[in-house]
Structures are given as structure tokens and as C-alpha cells.
Amino acid sequence: MEVERVQAIALSSLTKDSIPTEFIRPEEEQPAITTFHGPVPEIPVIDLDDHDQEKVIRLIANASRDWGIFQVVNHGIPFDLIEKLQQVGKEFFDLPQEEKELYAKPNGAQTIEGYGSKLGKDLQGKKNWADHLFHRIWPPSRINYQFWPQNPPSYRAVNEEYAEYMRRVVDKLFKSLSIGLGLAPHAIKEGAGGEEMEYLMKINYYPTCPRPDLALGVASHTDLSAITVLVPNDVPGLQVFKDGLWIDAKYIPGALIIHIGDQIEILSNGKYKAVLHRTTVDKEKTRMSWPVFLEPPGEFVVGPLPQLADEQNPPKYKAKRFKDYSYCKLNKLPQ
Ligand code: OGA
Ligand code: NI
């Protein structure tokens, strides 16, 4: 394999206090210079099981408008299932390199699925301090088990169970997002592909880094998805851009971090905001995270919902097939 994985670079950097230049960010991106440490409001935390469900809807809508990100607790996914998901993912990344390479994203492949180190291109040619594994987990007709690790043996059962639970949480979130805008409960889900919506699991592996002050795990971006449902491990690193400042997300054991992605911003005609976020890395600890991207099928056209656009409030975004939107974004072309 010609590609050098960041996990291997990290291993050979263990005794050094430098990193290859392609990982050194320009000053305006360096976390040591740009992270805000003063008192800041925290990313909203929402109890999905609150008896006052009107309040839950209001909190979700407000957080999606003002932040584009929130954490949910009492979401119905058992804590021990989340721990198993983390465990089997960690065991995959702990496998010998040759075994992980069996799942490598094929060279020149159209698919995003597989084990790899970089997605799209960076205008400055800078690299992320991270490796990843992508594979779909729903719907069953869109699963390619060739990209699901066979090792550890429980990987498949754990991920299948996680997908089942995730569907219930996601339905509840989509309903709340719709009702929060005064729409029929299914409006947003239908606008993003309905039952055909695809669940793309990503595991991010951020190895220890001798210069966490200079590098980024993932550079700042908004997600392409409709929404993203993320579980982190206990090593902090997710940062969001709010009112001009980069602030740290707090780690809440067992919580899910919900990101509003580009497709919901488009569907809502800008009423909900896709959150700008990035990740930092750690000198001593390996950070991992498990985002699931909820995406429309490639051919599905997403545009501002007609109910949310009129003469006073014209559509702010073009309607596009999701695959065309993704292509432009990944290749840094105008939408
Ligand atoms: C991503 C991402 C955040 C994290 O993979 O798109 O933003 O906390 N990850 O790892
Ligand atoms: Ni992201």
C-alpha cells in the first residue's frame, strides 16, 4: 500500500517533538492560537425523554437555529450498546496494518466506503491528523459488507443493532425539526429522502500527536449530510464555531452529539444552520469518534421546502441532486 496512514506516521513520531510539514496548519487555523478559553455558553444539552414534549421540540428547533448543534441525553440507545460500538471500533483500529488495509477504499473508486486517510482535497495541501473507516449501516439494500470489519467477530452484530436503535432517535429528531418550523411532522424527513435515506457510519481515529498545537484532526467544515449523529470517546477534541469563536464541546458520557448538516440548512431555507466544526488532537491520548451521516440517496433532489419559501422569502439555495451537491463540495467547486 503506497498511502501512509496517519496511525503509522504517529507511531514513528512518538519519540519526536515535530510533525511532517503537511500537517502543520497556517496560523489562522492553529488550535493553540485560535481556541477560545474564556467563559462561553455551552452547546445545548436536551433531554429527549422530558415529559414536556412541546418543550423538547422548542429546544431542538432553537438549538438548530442558533447553534446547528446540540447534545441529546435519554435518547433510548442503551449505554452498553454505545460502549460496545466504541469497543469494536477500537479493536478494528488496533488490528495490524495489513489487516486494516484489506478494507482500504479501492483506488479511484466512486464509493466513499472503506478504510482511508483523506477525503476531498485541501486548497493549501494540508492534511488531517486522522484515519477513518466509512461504511453504510442502513438501509439493508445499501450495505456493502465488504467494508465491514470481520474482526472483531461481533463487529457486525453490534453495528446492526446500533443502526436499529439509531433509526428511532433519528425519526424523533426529524419530527421535532419539522414541527419546530410549523410543518407537517414528516416534511423534513421526506424532503431528505424519507425511508430511502442512507445511514453512513464513519469511525474517526485521531492518533496521539507530538504537536497538537499545530495540527487539526479534521479541518473546519460543515457536514454534507441532513443531520449527523455522533458518539465520541472520552478524549475531548470537537470544537464548534459560534459567534466568531472556536469553542470546545463538553464530553457527556453516553450523550449523542447532533449536527445539523447542509441538507437541513437547504431544506429549511436557512432557518436551521449547518454548524461549522473541526477537531483537535491530543498529545497523549488517541481520540476516536463515530459519526453517522444521514444522507439523501445520490439521485434525490434536495431544495428549499416550498412551504418555507415565498415572494417575501425567496429560496436561498438551488435544488440539486445530492450527488451533484457532494461532488461540488468535495472538489471545492461552487454550488
Ligand atoms: C466529521 C467530524 C467530528 C469529531 O468526521 O465530519 O466532524 O468529533 N468529526 O470527530
Ligand atoms: Ni463533521
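Glu 22 is partly exposed, at 30% relative accessibility; the class lies between buried (under 20% relative accessible area) and exposed (over 50%), using a 1.4 Å probe and protein chains only. Glu 22 pairs with Lys 127 in a salt bridge, defined as a side-chain nitrogen of Lys or Arg within 4 Å of a carboxyl oxygen of Asp or Glu. The structure holds 20 salt bridges.

This is a predicted model: local features need pLDDT of at least 70, side-chain atom pairs count only at pLDDT 80 or more, and totals for chains, interfaces and linings use all residues. Residues are numbered from 1 along each chain as its sequence is written, chains are lettered from A and ligands numbered from 1 in the order in which they are written, and side-chain values use heavy atoms, leaving out hydrogens and water.

**Salt bridges**

- In the Glu 22–Lys 127 pair, the closest N and O atoms are 3.9 Å apart. Glu 22 sits in the loop between H1 and helix H2 (31–34), and Lys 127 in the loop between strand S3 (114–116) and strand S4 (131–138), 105 residues apart. Helices (H or I, at least four residues) and strands (E, at least two) are DSSP runs, numbered from the N terminus. Lys 127 is partly exposed, at 39% relative accessible area.
- Arg 5 and Glu 101 form a salt bridge at 2.9 Å, N to O. Arg 5 lies in the segment before helix H1 (6–12) and Glu 101 in helix H5 (residues 97–101), so the two are distant parts of the chain, 96 residues apart. Arg 5 is buried at 4%. Glu 101 is also classed as buried, at 18%.
- Arg 321 and Glu 299 meet at 3.1 Å, N to O. Arg 321 is in strand S14 (residues 320–321), and Glu 299 is in the loop between strand S12 (287–295) and strand S13 (301–302), so the bridge ties together parts 22 residues apart in sequence. Arg 321 is partly exposed, at 31%.
- A network of salt bridges links Glu 113, Arg 136, Arg 142 and Glu 198.

**Helix packing**

- Helix H3 (residues 53–66) packs on helix H6 (residues 155–179) at about 80°, with axes 8 Å apart. Axes are lines fitted to C-alpha atoms, for helices over the stretch in contact, and angles run from 0 to 180 degrees between N-to-C directions.
- H3 is therefore roughly perpendicular to H6 (65 to 115 degrees).
- H3 contributes Gln 53, Ile 57, Ile 60 and Ser 64 to the contact (heavy atoms within 4.5 Å). H6 contributes Lys 172, Leu 173, Ser 176, Leu 177 and Ile 179.

Note on methods: Angles under 35 degrees count as roughly parallel, over 145 as roughly antiparallel, 65 to 115 as roughly perpendicular and the rest as oblique.
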